[in-house]
Amino acid sequence: MSQDTRTGLVSEIKGSVTSSWGIGAALLAIGAFALPYLPGTSQFEVFLVAQILTFAIAGLAYNVLLGYTGLLSFGHAAFFGGSAYAIGLFAQYAGVSELLVLLPVGVLAAGTVAAIVGYVSVRHTKVYYALLMLALAQLLYVLTVKLYTVTGGTDGVPITAPTIAGVDYLAMWGYGGYLQGVLYYVILLAFVVTAVLLWTFMHSPFGLTLKTIRDSPERARAIGIPVYQYRWYASIVSGAFTGLAGAMYAFLNGHVTPGTVLHWSRSGELAFMTVLGGTGSFLGPVAGAGAFILIRSQAQQLTEYWHFVMGLVLFLVIVFEPEGIAGIVSRIRRRVRRWRKDRGDR
Amino acid sequence: MLLELAGLSASIEGVTVLRDIDLSVAESEIVGIVGRNGAGKTSTFRSVMGLQTIQGGSISFDGEDITERETHERKRLGIGFAPEDRRLISNLTARENIEMALWGTDDGTTSVDDRLAVVLEVFPDMDAFLDQPAGKLSGGQQQMVTVSRALVADPNLVMLDEPFEGLAPSIKRDLSESMSTVREDLGTSVLIAESQISQISDFVDRLYVIERGNIIAETDDPATVSDDEELMEVISGG
């Protein structure tokens, strides 16, 4: 990247931080940081926000493929669940309960699965890629169910609360203190790290190359970009960060089963969240994860037919606002700008 | 020979577009291919880049058979390509469009800025619009960016597909003059395709005439082609 481009990036960051959106994001960050200690906040709200942050990590990672590379995957459950299972099985068989060991194990496992699955699948696109990913992920799902002597089959694997740097916070503070004082912040930190790293990746030549490939693989090839190689890299990045989300999910829920982390419907949910938030915007999947978890939570309380509500939401988004929540926000921004301009002209 | 095509044949959706093409480019040589639209110029270039599946024949570059090589490998071996439709990314700056050719191929030996400085020697005017979005540039400026993108990775051979298409006469003249800079200062061979022989006959060393996927004439005295009425009729499609 040239000096000028770097300078442009710095100005862009400075501009973002000092804009009204930057200030809004800063307030949101302060709110997220203070949440467990805000008056009236219960364990339920902290758990819900931790869940949103977990799926926001997965959504950002998923969008590396869908939004930036143009590949629709129905196999991300393999990375999400692969990481969660790697943590559960490693903890069980190696007798390790340290987060600083388990977390890299989970991310590495997901990255490895992504490297293998990606190597096979990136030569295909569109429906072929989606179905190939689905098939490979279902293979992992079936293996996990069938190898029940090792994996616990459909009963899954319990994940005990990990120690952090050797300190057992659960024993010291009980579940409430552990969730609100430690685990929530671990997940928040994982989210911030993911957002910063992926933002940097996507605004680097790497991200721009992915966009070129997404817009026209033929053009990218003509320039001399190794298209399959870049798609493979994107798969690994996406898979590893989805694995980070899977790890957070495992720690948060304390138990994983093939049905909750490896089933194809988990991949479908990640696609749903990303589309709901908007694939064209970097932070769209974060909004999508938030909206998805909140709508589902409310729908589950209202009716046992909550799947219908979720289906209706997806239908409405695709028909009326394909750019998702990010599209609605940018439309509102345009209207506010126009309204301000009109007011200024008078 | 730097580039050698031997008996190259290709078809698109069952229609033969190249028939038994023999063509060569030597080091530091400027070679032209002239033919009317649809004659097979672009298909020849796409075949050399590995963007077009071929049915027969071989392509060798710098003594190595590259027929089975991937496109990005051909580029790494030293072939640059400026396609006919420019294929710039309109929301990226001219600089980013040029640098893109180095992404993923940077061997760490030469800095991006150094490579940019080299292409600026060929097109000094480009300095004024390097940081403007490619979509806002004029046709001539876009063409300079396209050719620069093909040159920035320091290729041994650059293939230019109808670079004069739609350009103003003064820009065409500048671009023609830059061809000798490319050859003499950068030491890069040039294979250039055009539908109008007058655009390139002044500066090419050798010329091939292509018609319906066949090479129908080859000369090392390009100026004489315009005197051959029969050949000119074929080229103009008359």
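This is a predicted model: local features need pLDDT of at least 70, side-chain atom pairs count only at pLDDT 80 or more; totals for chains, interfaces and linings use all residues.
Residues are numbered from 1 along each chain as its sequence is written, chains are lettered from A and ligands numbered from 1 in the order in which they are written, and side-chain values use heavy atoms, with hydrogens and water left out.

**View 1. The four-stranded open sheet of chain B has the order 2-1-4-5, with antiparallel pairing.** Strands here are DSSP runs (E, at least two residues), helices are DSSP runs too (H or I, at least four residues), and both are numbered from the N terminus. Two strands count as paired if DSSP finds at least two bridges between them. At the edges sit strand 2 and strand 5 (64-65) of chain B, each pairing on one side only. In general, strands of a sheet pair through backbone hydrogen bonds, either parallel or antiparallel.

**View 2. Several non-glycine residues with positive phi turn up around this part of chain B.** In the hairpin of strand 1 and strand 2 of chain B, two residues lie between the strands, and B:Glu13 takes a positive phi near 45°. The hairpin of strand 4 and strand 5 of chain B also has two residues between its strands, and there B:Asp62 has a positive phi near 55°. Strand 4 and strand 5 of chain B pair antiparallel over two bridges, with B:Phe61 partnered by B:Glu64. B:Asp20 shows a positive phi of about 50°, and this residue lies within strand 2 (residues 15-25) of chain B. For accessibility, buried means under 20% relative accessible area, exposed over 50%, and partly exposed in between (1.4 Å probe, protein chains only). At 56%, B:Asp20 counts as exposed. B:Ser28 has a positive phi of about 55° and belongs to the loop between strand 2 and strand 3 (30-34) of chain B; at 38% relative accessibility, B:Ser28 counts as partly exposed.

**View 3. Helix 1 (residues 41-49) of chain B lies across strand 1, strand 2 and strand 4 (54-61) of chain B.** The helix runs at about 110° to strand 1 of chain B. Axes are lines fitted to C-alpha atoms, for helices over the stretch in contact, and angles run from 0 to 180 degrees between N-to-C directions.

**View 4. A second open sheet in chain B has six strands in the order 6-7-8-3-9-10, with mixed pairing.** Strand 6 and strand 10 (214-219) of chain B are at the edges with a single partner strand each, so one side of each is left without a neighbour in the sheet. From one strand to the next, the twist averages 20°. Strand 7 (residues 157-161) and strand 8 (residues 189-194) of chain B run parallel and are joined by five bridges, and B:Val158 stands opposite B:Val190. Helix 5 (residues 139-151) of chain B packs on this sheet, touching strand 6 and strand 7, and its direction makes about 165° with that of strand 6.

**View 5. B:Leu88 is buried, with a relative accessible area of 13%.** This leucine lies in the loop between strand 6 (79-82) and helix 3 (94-99) of chain B. Contact means heavy atoms within 4.5 Å. Leaving aside neighbours within four places in sequence, B:Leu88 is in contact with residues including A:Arg219, B:Ala134 and B:Val145. The C-alpha atoms of B:Leu88 and B:Leu191 are separated by 21 Å, the two residues being 103 apart along the chain.

**View 6. In chain A, the axes of helix 3 (residues 43-66) and helix 13 (residues 264-277) come within 9 Å and cross at roughly 80°.** The two helices of chain A are therefore roughly perpendicular to each other, a label used for 65 to 115 degrees (under 35 is roughly parallel, over 145 roughly antiparallel, the rest oblique). Among the residues that meet are A:Phe55 and A:Tyr62 in helix 3, and A:Leu270 and A:Met273 in helix 13. The contact residues divide into eight nonpolar, four polar and one charged. Ala, Val, Leu, Ile, Met, Phe, Trp, Tyr, Cys and Pro count as nonpolar, Asp, Glu, Lys and Arg as charged, and the others, Gly among them, as polar.
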